[in-house]
Amino acid sequence: MTAPLVLDIDGTLTRADGEPGIDPAVFEPLREWPEPVVIATGKAFPFPVALSQFVGLPERVIAENGGVVYAEGEMTVVGARDDAEAAVADLRERGYDLGWGEPDLVNRWRETEIAANLDVPEAPLRAVAAEHGLEVVDTGYAYHVKDPEIGKGDGLIAVADLLDREPSSFVAVGDSENDVSTFEVAGESYAVANADDAAREAADHVTDGVHAAGALEVLEQIR
Ligand SMILES: O=C(O)COP(=O)(O)O
Ligand SMILES: [Mg+2]
């Protein structure tokens, strides 16, 4: 039985061989998928939009961990990045930066949160976030300094509504703690084999394959 999909990008559609980039083997099955495909990512909005366009999918996107949502021509931006900016200013005062160098393509188009490189020391980052009422989410690709009230799961509820579907009709695939809220809202959830503990524990199933091999396994199973 086929179902609408909600898919994470990093760690989930990425190449299983450890080389950077998305596995092109996912492009055709996603383009041909008979139900809506929603891309739900911690990345800034232009990245999943570009991915959708290059694959040939209608843009149905949850970006910035739920901060930015777009589907069926409707755009929602939940909150602003001011609090995260203030936390980062405090971090800089303590002698650290975000670790991306200049230009910072990770945060350039980001509207509701800020992402730090994983080589930024975690303790001061968590300290400044907490001082501003924010949380730090570790996706395995970046630390996201964000509003704890916002998550990909809320984005899925919003997109499902725009698509006139039940959130529980979706099958979710993801790899990390920022996918837990998606797994809670979707009807069925799969963590890929490389997933972190939070995602594995929240998921209904764990795939045998890692990264895109795991995601493709899910498509095979529910097709
Ligand atoms: O941007 C990140 O840190 C991770 O992105 P993802 O949610 O697509 O895995
Ligand atoms: Mg991920």
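View 1. In helix α5 (residues 152–162), the buried residues are Lys152, Gly153, Asp154, Gly155, Leu156, Val159 and Ala160. A residue is buried if 20 or more other C-beta atoms lie within 10 Å of its own, exposed if 12 or fewer, and partly exposed in between, with C-beta atoms placed from the backbone. Helices (H or I, at least four residues) and strands (E, at least two) are DSSP runs, numbered from the N terminus. The cover over the buried residues of α5 includes β1, β2 (37–40), β3 (61–63), β4 (68–71) and α6 (180–185). Just after α5, Asp164 has a positive phi of about 60°. The structure is a predicted model, in which local features need pLDDT of at least 70 and side-chain atom pairs count only at pLDDT 80 or more, while totals for chains, interfaces and linings use all residues. Residues are numbered from 1 along each chain as its sequence is written, and chains are lettered from A and ligands numbered from 1 in the order in which they are written.

**View 2. Lys152 in helix α5.** Lys152 belongs to helix α5, and an unreviewed UniProt entry gives this residue the feature "binding site". UniProt positions are given in the numbering used here, feature names are shortened, and annotations may be inferred rather than shown by experiment. Lys152 counts as buried because it has 31 C-beta neighbours inside 10 Å. Residues up to four places away in sequence aside, Lys152 touches Ala40, Ile62, Asn65, Gly66, Asn178, Asp179, Ser181 and Thr182. Contact between two residues means that their C-beta atoms, placed from the backbone, lie within 7 Å.

View 3. The loop between β1 (5–7) and α1 (27–31) holds Asp8. The unreviewed UniProt entry lists Asp8 under "active site". Asp8 is buried because 29 other C-beta atoms lie within 10 Å. Not counting residues up to four places away in sequence, Asp8 touches Ala40, Thr41, Val173, Gly174, Asp175 and Asp179.

**View 4. The shell around ligand 1.** Around ligand 1 are Asp8, Ile9, Asp10, Gly11, Thr41, Gly42, Lys43, Thr139, Tyr141, Ala142 and Asn178. A residue is placed near the ligand if its C-beta atom, placed from the backbone, lies within 6 Å of it. The shell divides into three nonpolar, five polar and three charged residues. Ala, Val, Leu, Ile, Met, Phe, Trp, Tyr, Cys and Pro count as nonpolar, Asp, Glu, Lys and Arg as charged, and the others, Gly among them, as polar. Ligand 1 lies between domain 1 (5–78 + 150–222) and domain 2 (82–146) because both give residues to its shell. The domain bounds come from an automatic or database domain assignment.

View 5. Val6, Leu156 and Ala215 touch the most other members of the largest nonpolar core, which has 42 residues. A second, separate core of 17 residues includes Val88, Ala115, Leu125 and Val145. A nonpolar core is a set of buried Ala, Val, Leu, Ile, Met, Phe, Trp, Tyr and Cys residues joined through C-beta atoms within 7 Å.

**View 6. Thr112 and its contacts.** Thr112 sits in the loop between α3 (82–93) and β6 (114–116). Thr112 and Gly79 are 33 residues apart in sequence and 5.8 Å apart in space, C-alpha to C-alpha.
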